[in-house]
Amino acid sequence: MSAERARPQEGAELSELLDYIDHLEEELESRDTAIRILWPLARPAVEAMMSPILDVIRDVWADVQRTVEDVMEALETAGVDLNRRCRMCGCTELNACEGGCSWVEADLCSACTGPIVQGLPAEARDVATHWDPAL
Ligand SMILES: [Zn+2]
Ligand SMILES: [Zn+2]
């Protein structure tokens, strides 16, 4: 049996707790159990260590949110309708077709009125460009 060892007190240094976890792991032959037993004690130290990191993450996240809001506002100001969607392929302002496309109708993009569709007889072209995948 190994020597008795004082259990760290609440607010103990993280290094002391990690040390004790190693000790307990040997005693219990399970690191999971050792961590579970010591977690309430280790928690304040872990949180104190994490708090500056979390602050940075929070700041970065706030920046990202601000940037997204700025972009959305700029798009709205420029008259870009983010809900606009091609009725045939479903492409949008932010997710254009491969190779790029533009609006030829309120809800139809240039990629969907390409040479293949234009080569169809008028009636078939009408069906092709008014086909709604949702129906
Ligand atoms: Zn399209
Ligand atoms: Zn498109």
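Visitor: Which element of the protein has the lowest mean pLDDT, and which the highest?
Guide: In this predicted model, helix α3 (residues 115-118) has the lowest mean pLDDT among the elements, 69. Strand β2 (residues 108-109) has the highest, 91. For the protein, the mean pLDDT is 84, and 91% of its residues reach 70 or more.

Visitor: Why is Pro-8 called partly exposed?
Guide: Pro-8 has 19 C-beta neighbours inside 10 Å. A buried residue needs 20 or more, and an exposed one has 12 or fewer. The value 19 lies in between, so Pro-8 counts as partly exposed.

Visitor: Where is Pro-8 found, and which residues does Pro-8 touch?
Guide: Pro-8 is in the segment before α1 (14-28). Leaving out residues up to four places away in sequence, Pro-8 touches Glu-16, Leu-17, Tyr-20 and Leu-41. A contact requires C-beta atoms within 7 Å.

Visitor: How far apart are Pro-8 and Cys-97 in space?
Guide: From C-alpha to C-alpha, Pro-8 and Cys-97 are 61 Å apart, and 89 residues separate them in sequence.

Visitor: What makes up the largest nonpolar core?
Guide: Five residues form it: Cys-86, Met-88, Cys-91, Cys-109 and Cys-112. Cys and Met are both on the list of residue types that a nonpolar core may hold, so these five can belong to one.

Visitor: Which residues does Cys-109 touch?
Guide: Not counting residues up to four places away in sequence, the contacts of Cys-109 include Cys-86 and Cys-91, which are also members of that core. Trp-103 and Val-104 are among the others.

Visitor: How many Å separate the centres of domain 1 and domain 2?
Guide: Domain 1 (14-77) and domain 2 (82-135) come from the domain assignment. Taken over C-alpha atoms, their centres are 48 Å apart.

Technical notes: Residues are numbered from 1 along each chain as its sequence is written. Chains are lettered from A and ligands numbered from 1 in the order in which they are written. This is a predicted model: local features need pLDDT of at least 70, side-chain atom pairs count only at pLDDT 80 or more; totals for chains, interfaces and linings use all residues. A nonpolar core is a set of buried Ala, Val, Leu, Ile, Met, Phe, Trp, Tyr and Cys residues joined through C-beta atoms within 7 Å. Two residues are in contact if their C-beta atoms, placed from the backbone, lie within 7 Å. Domain bounds come from an automatic or database domain assignment. pLDDT is the predictor's confidence in each residue, from 0 to 100. Helices (H or I, at least four residues) and strands (E, at least two) are DSSP runs, numbered from the N terminus.
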